[in-house]
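This briefing covers selected packing and pairing features of one protein model. Please keep the sequence and structure open while reading.

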Amino acid sequence: MSRFLLIGLDGAEPTLCERWMNEGRLPALASLRDRGAYLPCASVEPPVTFPAWCTCVTGMNPGRHGIFDFTEQVDGEYAIRFVNSTHRRAPALWNILSQAGKRVCVLGVPGTYPPEAVNGIMVAGFDSPVATRIDRSFVEPPEIYDEVIAWRFADFQEHDIGEGWHTMAHAKLLAKIDDKAEIAERLLRREPWDFFMVVFGESDTVSHHFWSFHDPQSPRFRPGKESAIREVYEKLDHAVARLIDAAGEEVVVGVCSDHGFGGAGTGVVHINNWLAENGYLTFAPARGSMLKRAALRFTPHAARGALFRAFEGLAARAESHSRYAGIDFAHTRAWSDELNYFPSIRVNLAGREQRGVVVPGEYDAFCAELCERLESWDVIACARRRSDVYDGPFVERAPDIIIELALENSYSHSCIRSRGGPSFRRLQPDEYPGGKERGMTGNHRPTGVLFLSRPTPCGAARLEDLAPTVLAELGVAGPPMDGTSLLSQYSESEAASGYALASASVYSQAQERAIEQRLRDLGYFE
Ligand SMILES: [Zn+2]
């Protein structure tokens, strides 16, 4: 029976892999392609890291595993909560394999905090709300904490992009790949395992922040660090080679990304300003929140987290406030959370929302009208209802309308928080480096990569195909999945659907503050 090594390169982009493989710069990936397979791999819609990895490890679309983003709206409230691994409603590979008596080792997969008790080792992903070095809660079992400490504490903020930031960030990213590869290599050689999974996030981070150096065609091009992305890919290729070598014989290897990457242009889309312009949304008259917003704008990053806490006490409430306080819901039919990585719209539906105004009998017609009008706006490629995008019992956790922004000469627009004003604007040259309220210089794209060490008859893959492919190679039956195996035949077993999943737990206030700060540091929230 085989073992399976799955290596995730977050955001690895097909066109970059192809170019640098052809130039001989990525020998490990090229070798997988030549002896096995190299396929484009479709992400989830929209291509967001959290739900994408959950789909990869469950074989199911977000409508069935229930994870759409780092946050979800609290039922009946204009408020969000942070989600964690206990909100996932479908078994992951490590649940199924542990129950079948297989040994697993899972390192750094986004969306895995708190780590589950598995038959083996689990180190949770970058989103772990771990604020201090004495907090061992991101590791299971806790005894291996000292060995993996380097996994977590080499991070840096990605929010205030000032002088010297890129030089610091580039060096840290390269060093982190080495640290992680070393930890993974040691565990690969020492631990007994049947399934080993490790995700590197550095390919995603470098692409968000260094695209304008890398791409001379970018309207935001800046000279200086042209090779930063390539150097990260080269180092990751070297890590892939190390891990494959450490894994030994009789191992099937997969290397995949959760989505691809492309450049962001100079266009900025303010969805709530468009909704206001078109009579769907009314901004609230500015009061205390205006003061607070002004204060936040001129507060140095380091003090901002403290300010949020002083104002609101609770991190989720601070983020909720930041998203919703500026909206007069009694006079609003639809609004957007305006997340750059997840452009979408929520309908202010009566009976569902606290101050809902759209009556249920008009909901369908209203969504249809809104989608049509959004699609007539030239910055939007498509606007679809959630039921047309997802399938499963948890579709209602998603926003009502999912938006795909149009590309302009292959560059994406950035979706940025509205504060009244125009629905579309151009970044000014001093904003091109990105950061708070300027978007990032690279954004996610819907197609990632998949490399397999064995040939497959398939010409393309979806993230849903990864979990059944792994289980089929390990000879373990699992629940019915949305994907299909790319190698051997996957055996579905209805009996295998009956996993006792953890009941959803909420974060403590301290954890909530830690995750809020972490995500803010990573530039996820404005
Ligand atoms: Zn990602």
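Two strands are taken to pair if DSSP finds at least two bridges between them. On that basis, this predicted model contains an open sheet of four strands in the order S11-S12-S14-S13, with antiparallel pairing.

- Strand S12 (residues 344-347) runs antiparallel to strand S14 (residues 401-405), and two bridges join them.
- Isoleucine 345 has isoleucine 401 in S14 as its bridge partner.
- Helix H14 (residues 363-375) lies across S11, S12, S13 and S14, and its direction is at about 170 degrees to S13.

**Glutamate 353**

- Glutamate 353 sits in the loop between S12 and H14.
- Its relative accessible area is 7%, and buried means under 20%, so glutamate 353 counts as buried.
- A polar contact of 3.1 Å links the side chain of glutamate 353 to the side chain of glutamine 73.
- Leaving aside residues up to four places away in sequence, glutamate 353 touches Gln73, Glu77, Tyr78, Trp335, Val347 and Asn348.

**Strand S9**

- Six of the six residues of strand S9 (residues 251-256) are buried, so the strand is largely enclosed by the rest of the structure.
- In a regular strand, side chains alternate between the two faces of the sheet.
- In S9, Val251, Val253 and Val255 point one way, while Val252, Gly254 and Cys256 point the other way; all are buried.
- Strand S1 (residues 3-9) pairs with S9 in the parallel sense over six bridges, and isoleucine 7 stands opposite valine 255 in S9.
- Strand S19 (residues 447-452) pairs with S9 in the antiparallel sense over three bridges, and cysteine 256 stands opposite leucine 450 in S19.

**Helices H2 and H9**

- Helix H2 (residues 27-35) packs against helix H9 (residues 228-247) at an angle of about 60 degrees, and their axes are 7 Å apart.
- The two helices, H2 and H9, are therefore oblique to each other.
- H2 contributes Pro27, Ala28, Leu29, Leu32 and Arg35 to the contact, and H9 contributes Asp237, Val240, Ala241 and Ile244.
- Sorted by class, the contact of H2 with H9 has seven nonpolar residues, two charged residues and no polar ones.

Notes. Residues are numbered from 1 along each chain as its sequence is written. This is a predicted model: local features need pLDDT of at least 70, side-chain atom pairs count only at pLDDT 80 or more; totals for chains, interfaces and linings use all residues. Side-chain values use heavy atoms; hydrogens and water are left out. Axes are lines fitted to C-alpha atoms, for helices over the stretch in contact, and angles run from 0 to 180 degrees between N-to-C directions. Angles under 35 degrees count as roughly parallel, over 145 as roughly antiparallel, 65 to 115 as roughly perpendicular and the rest as oblique. Contact means heavy atoms within 4.5 Å. Ala, Val, Leu, Ile, Met, Phe, Trp, Tyr, Cys and Pro count as nonpolar, Asp, Glu, Lys and Arg as charged, and the others, Gly among them, as polar. Buried means under 20% relative accessible area, exposed over 50%, partly exposed in between (1.4 Å probe, protein chains only). A polar contact is a pair of N or O atoms within 3.5 Å; within protein, one must be able to donate a hydrogen and the other to accept it, and residues adjacent in sequence count only if both atoms are side-chain atoms.
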